[in-house]
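This report walks through one protein model for a reader who is new to structures. Please keep the sequence and the 3D view open while reading.

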Amino acid sequence: MIQQALLEKFEQFTAPNELKRAGIYPYFRPIEENHDTEVIIHGRKLLMFGSNSYMGLTNHPKVKEAAKKAIDRFGSSCSGSRFLNGTSQLHIELEEKLAAFTGKEAALVYSTGFQTNLGTVASMVGRHGVIILDELDHASIIEGSRLSFSRVLKFAHNDMNDLEGILKTFPHDKVKMIVIDGVFSMEGDICNLPEITRLAEKYGALVMVDDAHALGVIGNQGRGTADHFNLTDQVDIIMSTFSKSLASIGGFVASTKDVINYLKHHSRPMIFSASIPPSAAAAALAALEIIQEEPERMEALWDNTHYISKAIRDIGFDTNTSETPIIPFYIRDNQVTFQFTQRLYEEGIFVNPVVSPAVPSDSSLIRMSIMATHTRCQLDEAIGKIEQIASELQVFAERH
Ligand code: PMP
């Protein structure tokens with residue numbers, strides 16, 4: 001029986017209904033077909049500017065072929081955990097290639113990036129240690145830190161004085177771990193890794209970087225944030241996901257052999273959850289190969305990114321600190337952000353709204369994600385619609 005107090009809680013949760021009534025509910029839209037930069041929803045073609053497939057590889061013939069072959073060889077699922085019956089040869093091959101790619105001794109594949117952070121952050125430092133987070137770290141890092149029983153402290157976003165202030169309060173030999181997003185998922189800015197690793201060295205702390213939005217995007221051949229700053233040896237743990245540039249589903253953590261061996265035998269979200277199907281591992285392997293073989297993809301991604309971020313700024317939007325293919329444009333009002341998203345949707349452009357509580361209401365924004373495979377024509381179409389709707393909704397008159 002659902003108790004009265006709970007019934008009331010669910011009944012009173014009416015926010016989605018209000019958005020639905022106003023015709024501006026933007027979530028759970030069922031995609032009927034996905035052709036990389038174009039999708040079909042309710043029989044209508046839309047340009048996709050809300051996907052994390054930065055390299056545009058989910059429809060690449062080699063990626064699809066690899067996944068199909070893996071189904072023929074292994075079936076559709078491992079039907080079990082990595083720990084027991086769920087490790088295929090493809091999982092091992094993928095781990096070896098990811099370790100080499102990130103410049104680490106070993107890697108461990110999890111079922112999602114979220115689980116990777118849960119499992120790694122929760123088991124690293126233990127109940128006598130301290131975990132220090134950037135306040136804008138991804139939710140999975142926050143959840144992992146909650147499961148850790150460690151003391152958890154947050155520093156203001158990218159504020160190195162604040163970080164140092166926290167580090168200073170502990171003796172050098174106190175076990176501490178700093179966890180940051182390499183590229184922050186909402187606003188697309190890059191962490192200040194040179195300063196973070198310098199402080200970590202000075203005060204004695206381990207450094208873990210979440211490269212979900214950095215892999216395939218920054219660093220030599222897309223090796224990520226540590227490589228981008230030439231600091232691979234100073235970063236102790238690198239994690240990332242397959243659900244963005246690697247055109248699949250799953251996640252991994254890379255570090256020393258000893259760290260990985262420890263995680264393999266302590267990390268509950270890996271041990272007690274089924275592994276990714278071999279077809280997903282095969283797709284990620286193929287994507288990883290393509291990224292290294294086709295550097296022109298990363299160039300195209302950056303060309304597109306520079307082109308669109310300039311255009312968005314020229315329209316008059318504040319795109320803030322974005323340095324990556326995540327292009328936020330600030331609307332600074334939840335309701336108008338939903339209206340803007342809906343109007344773009346009606347005009348055939350799919351983007352994601354980011355509103356409170358994900359960000360403070362006066363920082364609500366629309367997030368465009370750029371792909372290597374967007375054509376100039378598609379970018380121009382999106383820019384034209386954004387400009388048209390900005391004027392229609394009088395965004396600048398109201399907010400600036
Ligand atoms: N870390 C960051 C920074 C992310 O943005 C995401 C996904 N949005 C994740 C981790 C989780 O990855 P996954 O989708 O593979 O669970």
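Pro-357 is placed in the loop between β13 (352–354) and β14 (365–369), where strands (E, at least two residues) and helices (H or I, at least four) are DSSP runs numbered from the N terminus. The peptide bond that leads from Ser-356 to Pro-357 is cis, and its omega is near 10°.

## How the model should be read

This is a predicted model, in which local features need pLDDT of at least 70 and side-chain atom pairs count only at pLDDT 80 or more, while totals for chains, interfaces and linings use all residues. Residues are numbered from 1 along each chain as its sequence is written.

## The protein as a whole

The protein has 16 helices and 14 strands, and its C-alpha trace spans about 60 × 55 × 55 Å along the principal axes. Of its 400 residues, 48% count as buried; a residue is buried if 20 or more other C-beta atoms, placed from the backbone, lie within 10 Å of its own, exposed if 12 or fewer do, and partly exposed in between.

## Two residues with positive phi

Phe-149, found in the loop between α6 (139–147) and β6 (151–155), has a positive phi of about 65° although it is not a glycine. Phe-149 is partly exposed, because 13 other C-beta atoms lie within 10 Å.

Gln-394 lies in the loop between α15 (376–392) and α16 (395–399), and its phi, near 50°, is likewise a positive value in a residue other than glycine. Gln-394 counts as exposed, because it has 10 C-beta neighbours inside 10 Å.

Of the 14 residues around the ligand, Thr-112, Gly-113, Phe-114, Ala-212 and Thr-241 come nearest, a residue being near if its C-beta atom, placed from the backbone, lies within 6 Å of the molecule. The shell divides into two nonpolar, 10 polar and two charged residues; here Ala, Val, Leu, Ile, Met, Phe, Trp, Tyr, Cys and Pro count as nonpolar, Asp, Glu, Lys and Arg as charged, and the others, Gly among them, as polar. Helix α5 (residues 113–124) gives the most to this shell, with three residues.

Helix α5 also packs against α6 at an angle of about 35°, with their axes 7 Å apart; axes are lines fitted to C-alpha atoms, for helices over the stretch in contact, and angles run from 0 to 180 degrees between N-to-C directions. The residues of this contact divide into six nonpolar, six polar and one charged.
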